[in-house]
Amino acid sequence: MRLTRGITALVCAACAAVAALLSLYAPQPVWLDGLLFDGGLAVRAKLERNPAPAAHVAVVAVDPKSLDAPELAKLPRAFFGPVWGQLIGDLTGAGAKAIAFDMLFAYSASQFQKGYDRPFLESLYRNRSKVVLGRSARGNPARNFYAAMRNDPTALGTMDVEAAADEVHRSVRTVLTADDGSDYLSLTAAALLRAGAKGMPRE
């Protein structure tokens, strides 16, 4: 085991040296940047087989198992409003500093059944300083959801991501620029601001 770790560390050091030399003395092709970055991550994964989980971040995933649960199986996704409202309450009750929805709430079920989304709207309003709603190049959240956030532009975060030059997604910018030249916070950046982060780089 020690020998394997030693070899892995040696390979990592060699990759770092090659990367440094190439960055100084050779014009790097696009694919090489990504290859070196990906190789570094692979080596790190070998060195840290059981990294400690990030205790300050939690992902609540709406996966197939969740959708098949008795509470949600027969409920159309457009009618999940009360579920989202309860989720926000539970997360803030557990001490969450920021909650970001990586989904676009383009439609409100209240247009089909008057007042249906009231619990969600009330939860958004009560916790508007902690919640970030996703937006995209295709559109914004439904007007009533945004209104519940008092039309605060910092309550929206762009879910769109940009690929690297080799068409692989490796990072998320804090600010994205639209075709019209307007700048928009990414979902990640908006969530970090809600959590109290300061001085974030633009890239």
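Let me start with the surroundings of S108: leaving aside neighbours within four places in sequence, S108 is in contact, meaning heavy atoms within 4.5 Å, with D117, A142, N144 and F145. Please keep in mind that this is a predicted model, in which local features need pLDDT of at least 70 and side-chain atom pairs count only at pLDDT 80 or more, while totals for chains, interfaces and linings use all residues. Residues are numbered from 1 along each chain as its sequence is written, and side-chain values use heavy atoms, with hydrogens and water left out.

S108 sits in the loop between β1 (99-101) and α5 (118-126), where helices (H or I, at least four residues) and strands (E, at least two) are DSSP runs numbered from the N terminus. With a relative accessible area of 7%, S108 is buried, which is to say under 20%, whereas exposed is over 50% and partly exposed is in between, with a 1.4 Å probe and protein chains only. Its side chain makes a polar contact with the side chain of N144 at 3.0 Å; such a contact is a pair of N or O atoms within 3.5 Å, where within protein one must be able to donate a hydrogen and the other to accept it, and residues adjacent in sequence count only if both atoms are side-chain atoms.

Now to helix α4. In α4, the residues G81, W84, G85, I88 and T92 are buried. Viewed down the axis of α4, these buried residues fall within an arc of 105 degrees, so they line one face of the helix, the arc being that of the directions from the helix axis to the C-beta atoms. They pack against β1, α5 and β2 (131-135), while on the other side of α4, Q86 and G93 are exposed.
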